[in-house]
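Hello,

Here is the structure I promised to hand over. Please look through it first, then read my notes below.

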Amino acid sequence: VSTSINAVIQTIDIDTYTCIVAKMAVEKLLNTKLSETKDSILTRCINIITAYRQIVGQSVDINSLPGPLQFLPLFTFALLKHTAFRSDKEQSSDERSAALNMIRMMPINKLRIYVYPQFFCLTSMAAECGTLDDNGNIIMPQLLDLNSQHLVSGGVFMIYDSENIWVWVSKTSDPNFLLQVFGKSDFQNVEAGYVKFACENTEISQRITRIIEKLTIHSAKPRLIVIKQSDPYESKFFANLIHDRSRFLQKSYYEFVGELRQTL
């Protein structure tokens with residue numbers, strides 16, 4: 001038992017919260033409009049922050065929320081932009097239905113990544129990434145915010161969303177890197193779509209394979225989707241960059257936080 005609100009806040013499991021809210025939203029969507037479902041997701045976030053402010057007796061800025069509570073606005077925004085709940089005229093009913101079903105079926109550890117994917121740069125990761133440490137554990141590259149500002153020229157980037165591994169290839173990627181990973185040194189000849197890494201005997205390819213193995217250790221083998229810069233399906237990759245503006249939610253995460261601050 002604790003009388004400290006901050007001690008209680010530290011015990012919050014934001015992954016479990018996101019899982020519960022997502023699954024409740026799926027059930028709500030079966031009986032009401034999409035707009036009302038999205039409003040309910042946002043309202044829960046607002047009510048929790050408001051309650052915390054009332055308990056501590058002061059106006060705490062969103063960017064200064066303590067412990068796990070600091071991730072509440074981000075995961076709320078991620079849910080609002082997710083395939084299951086976003087307002088996108090180009091999205092088919094089959095895609096939404098599939099996403100809703102995935103949310104209903106997924107356990108907590110997978111659903112959190114399905115809502116907020118993991119984002120890495122493969123071309124700038126440290127040389128030890130994908131190798132084993134002294135305890136035999138695979139060393140992982142640095143996680144990036146889901147923001148397009150990280151997409152530097154010449155980079156190759158990977159996003160894992162629990163179901164798919166998306167690899168985005170820049171037009172100016174290093175030919176030697178492309179050769180070792182995809183088996184083609186010319187960007188134009190790199191195969192796009194559902195593929196597998198071609199040269200599994202190269203050092204960099206083996207490192208990437210180990211990273212994928214670590215990411216998917218508790219999951220079924222994911223689909224690997226290569227998307228080349230300026231491809232027609234490039235929007236599928238960019239849809240995962242939650243911090244950015246998108247055609248189905250014309251605000252960035254920074255703007256969302258600003259609006260949330262005004263509402264509170």
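Ser 162 counts as buried because its relative accessibility is 3%. (Buried means under 20% relative accessible area, exposed over 50%, and partly exposed in between, with a 1.4 Å probe and protein chains only.) Ser 162 sits in the loop between β2 and β3. Its phi is near 85°, a positive value in a residue other than glycine. Most residues other than glycine have a negative phi.

Before going on, some ground rules. This is a predicted model, in which local features need pLDDT of at least 70 and side-chain atom pairs count only at pLDDT 80 or more, while totals for chains, interfaces and linings use all residues. Residues are numbered from 1 along each chain as its sequence is written, and side-chain values use heavy atoms, with hydrogens and water left out. Helices (H or I, at least four residues) and strands (E, at least two) are DSSP runs, numbered from the N terminus.

Ser 230 also has a positive phi, about 75°, although it is not a glycine. Ser 230 lies in the loop between β5 (223-228) and α9 (234-238). With a relative accessible area of 46%, Ser 230 is partly exposed.

Now Asp 161. It lies in the loop between β2 (156-160) and β3 (164-169). Which side chain of opposite charge is nearest to Asp 161? It is Arg 223, 7.0 Å away. Asp 161 is buried yet has no salt bridge. (A salt bridge is a side-chain nitrogen of Lys or Arg within 4 Å of a carboxyl oxygen of Asp or Glu. Lys and Arg count as positive, Asp and Glu as negative; His and the chain ends are not counted.)

Asp 161 does have polar partners. A polar atom of its side chain lies 2.6 Å from the backbone nitrogen of Asn 164. Its side chain also makes a polar contact with the side chain of Trp 166, at 3.2 Å. (A polar contact is a pair of N or O atoms within 3.5 Å; within protein, one must be able to donate a hydrogen and the other to accept it, and residues adjacent in sequence count only if both atoms are side-chain atoms.) Leaving aside neighbours within four places in sequence, Asp 161 is in contact (heavy atoms within 4.5 Å) with Ile 113, Tyr 114, Pro 117, Trp 166 and Asn 240.

Last, helix α5. Its buried residues are Arg 96, Ala 99, Leu 100 and Ile 103. They cover an arc of only 100° around the axis, which puts them on the same side of α5. (The arc is that of the directions from the helix axis to the C-beta atoms.) On the other side of α5, Asp 94 and Met 105 are exposed. What covers the buried residues of α5 includes α2 (14-29), α3 (34-56) and α6 (108-115).

Best wishes
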